[in-house]
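Hello,

Here is the structure for your files. Please open it alongside this note.

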Amino acid sequence: MRRYVIKRLAQAVGVLWAAYTVSFLVLDFLPGDPVTAMAGAGVDSGDVDPARLAALRHEYGFDQPILAQYADYLGRAVRGDFGDAVSTGRPVTSTLADALPQTLQLTGAALLLAVLLGGGLAVVATYTSQRWLRQLLLSLPPLGVSVPTFWVGLLLVEVFSFRLHWFPAFGNDGLRGLVLPALTLAIPTGALVAQVLAKSLLTALDQAYVETARAKGAGRWRVHLRHALRNASLPALTVVGLLVGQLIAGSVVVETVFSRDGLGRVTAAAVTVQDIPVVQGVVVFGALIFVATNLLVDLVYPLLDPRIVVASDRRASFV
């Protein structure tokens, strides 16, 4: 078990390093000049004092070679220091900390709704004995996956805000203001969970151990939840871990549609002005959440199926 955990931790560190490196290279090759934008020169830098531009480039390290910039930024990032935002001059950690609670609230609520709605739909669809109801329920996840997130958000605003007046359309207005944005993120995410879990449940219900449980007198509900669901939940658990990154990325669109404060709007504004420190801070934070969630999923796997650790140890022994 110790070897399994160490291997997963090493992979997590590698993912964080790769995310930081790729974001640094992509932002460095983008056209434009963040220092010029910060100085208020827009596209034409001729109206700004060259000495001021040179001083700003020196202050933020943009006058150094690319490798020196990378080493400097990476060294500070390891210590949790992402520097100051180019656009505002505030520390990046403070900027992210101010926006973080709203985004965590949104993504957490969306993930909870996605698991409950998607998991519930899959269980009911595979449990019912009515063929027409099963086919109807199983046709809903592909529809949820194919619908664009922004379209779902606009539709929910139109129906539940402008027509029924049940929920506010915009802003961070407490729990009522969280319902529609969380539901917008949860629908495509829950649809993927439902697709994977339903397919796994249908496969598990045809296995020999399920027939054995039925032969021993186990009730239909007990067989479905205790025997089939436990084994079928592993693929769905993997999907949930992967979808955390999608939820964070989707918050950019959702927070824009619903005019909510959060990391999504901070990211959109930072990319617009090419604020490299802020964008890198957001990328590293997103990667950290993604890695932590998948690490937690990897650690839960052996509790559901101890054979995973045994198989991992056998592969390691052959290597």
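What volume does the second largest cavity have? About 30 Å³.

First, the basis. This is a predicted model, where local features need pLDDT of at least 70, side-chain atom pairs count only at pLDDT 80 or more, and totals for chains, interfaces and linings use all residues. Residues are numbered from 1 along each chain as its sequence is written, and side-chain values use heavy atoms, with hydrogens and water left out.

The structure holds 2 cavities of 30 Å³ or more. A cavity is a set of points, on a 1 Å grid over the protein atoms alone, where a 1.4 Å probe fits but cannot get out; lining residues have an atom within 4 Å of a point. Points are joined across faces, edges and corners, and the volume is the space filled by probe spheres set on them.

**Largest cavity**

Its volume is about 50 Å³. The lining includes Tyr 20, Tyr 73, Arg 76, Asp 81 and Gln 280. Helix α4 (66-78) and α13 (276-304) each supply at least two lining residues. α4 gives the most, with 3. Helices here are DSSP runs (H or I, at least four residues), numbered from the N terminus. By class, the lining has 5 nonpolar, 2 polar and 2 charged residues. Ala, Val, Leu, Ile, Met, Phe, Trp, Tyr, Cys and Pro count as nonpolar, Asp, Glu, Lys and Arg as charged, and the others, Gly among them, as polar.

**Second largest cavity**

Leu 100, Thr 103, Leu 104, Thr 107, Ile 248, Leu 263 and Phe 285 line the second largest cavity. Helix α5 (residues 92-127) gives the most, with 4 residues. This lining has 5 nonpolar, 2 polar and no charged residues.

Best wishes

Conventions:
On a 1 Å grid over the protein atoms alone, a cavity is a set of points where a 1.4 Å probe fits but cannot get out, and a pocket is an open set with protein on both sides within 12 Å along at least five of seven lines; lining residues have an atom within 4 Å of a point.
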